[in-house]
Amino acid sequence: MTDERSAKHAGMPRAGIVKSPHDLAAGLLLLVIGVLGIWGTIGLPVGSLANPEAGMLPRAMSALVAASGAVLALISLVTPGTELERWSPRGLLFVLGAAVAFALTLRGFDLGVVRIPALGLVVAGPLAITFASLADPETRLREIIIFAAGLTALCVLMFRVILRLPIPIAPWLLGY
């Protein structure tokens with residue numbers, strides 16, 4: 001919707017049951033993500049608050065995301081809000097592509113004909129950040145390079161040094 005139409009209809013209450021289509025869409029998306037998270041953790045043991053197991057945190061977070069989505073969807077029926085606008089698939093493509101690129105390059109990937117060696121966090125991190133930054137057409141390469149280097153250094157410090165997780169840093173240089 002153009003800015004003129006948005007401004008023209010901003011003061012007018014929306015006819016129909018849905019007062020804020022934008023909030024309804026966001027609420028339904030959160031609800032679906034939460035339900036998928038709950039469904040994905042069905043096989044994990046939850047345990048108790050005194051003795052939590054592997055499934056407790058992901059299931060609790062998924063339930064909170066689903067509940068937030070349901071509340072947002074219900075609020076969209078009562079509170080006036082903005083209309084849905086057209087969106088470009090560019091953002092979705094580059095952000096999801098960045099997650100896939102990170103997963104494939106961190107530990108490597110081998111599917112017979114296609115083989116990507118394990119490149120580690122020092123390559124996968126900046127690659128994913130740079131690829132995700134392409135979702136915004138106003139991205140400045142210099143800023144992204146600085147941000148990617150800083151965030152990667154912070155991730156190495158946090159995950160490898162402080163938390164001592166077995167995340168490969170640069171297996172091609174240092175080994176695992």
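Is Arg 140 buried or exposed? Arg 140 counts as exposed, at 56% relative accessibility. Keep in mind that this is a predicted model. Here's a quick look at a salt bridge, a pair of packed helices and a nonpolar core.

**The salt bridge**
- Arg 140 pairs up with Glu 143, and their closest N and O atoms sit 3.0 Å apart.
- Glu 143 is partly exposed, with a relative accessible area of 46%, whereas Arg 140 comes out at 56% and falls in the exposed class.

**Helices H4 and H5**
- H4 covers residues 89-106 and H5 covers residues 121-133; their axes come within 8 Å and cross at roughly 170°.
- That angle is over the 145 degree cut-off, so H4 and H5 are roughly antiparallel to each other.
- On the H4 side, the residues that meet H5 are Leu 93, Phe 94, Val 95, Gly 97, Ala 98, Ala 101, Phe 102, Thr 105 and Leu 106.
- H5 brings Leu 121, Ala 124, Gly 125, Leu 127, Ala 128, Phe 131 and Ala 132 to that contact.
- Sorted by class, the H4 contact with H5 has 13 nonpolar residues, 3 polar ones and no charged ones.

**The nonpolar core and Leu 106**
- Five residues make up the largest nonpolar core: Leu 106, Leu 121, Ala 124, Cys 155 and Ile 167.
- Leu 106 of H4 also meets H5, and Leu 121 and Ala 124 are among the H5 residues in that contact.
- Setting aside neighbours within four places in sequence, Leu 106 touches Ala 118, Leu 119, Gly 120, Leu 121, Ala 124, Ile 167 and Pro 168.

Conventions
Residues are numbered from 1 along each chain as its sequence is written. This is a predicted model: local features need pLDDT of at least 70, side-chain atom pairs count only at pLDDT 80 or more; totals for chains, interfaces and linings use all residues. Side-chain values use heavy atoms; hydrogens and water are left out. A salt bridge is a side-chain nitrogen of Lys or Arg within 4 Å of a carboxyl oxygen of Asp or Glu. Buried means under 20% relative accessible area, exposed over 50%, partly exposed in between (1.4 Å probe, protein chains only). Axes are lines fitted to C-alpha atoms, for helices over the stretch in contact, and angles run from 0 to 180 degrees between N-to-C directions. Helices (H or I, at least four residues) and strands (E, at least two) are DSSP runs, numbered from the N terminus. Angles under 35 degrees count as roughly parallel, over 145 as roughly antiparallel, 65 to 115 as roughly perpendicular and the rest as oblique. Contact means heavy atoms within 4.5 Å. Ala, Val, Leu, Ile, Met, Phe, Trp, Tyr, Cys and Pro count as nonpolar, Asp, Glu, Lys and Arg as charged, and the others, Gly among them, as polar. A nonpolar core is a set of buried Ala, Val, Leu, Ile, Met, Phe, Trp, Tyr and Cys residues joined through side-chain atoms within 4.5 Å.
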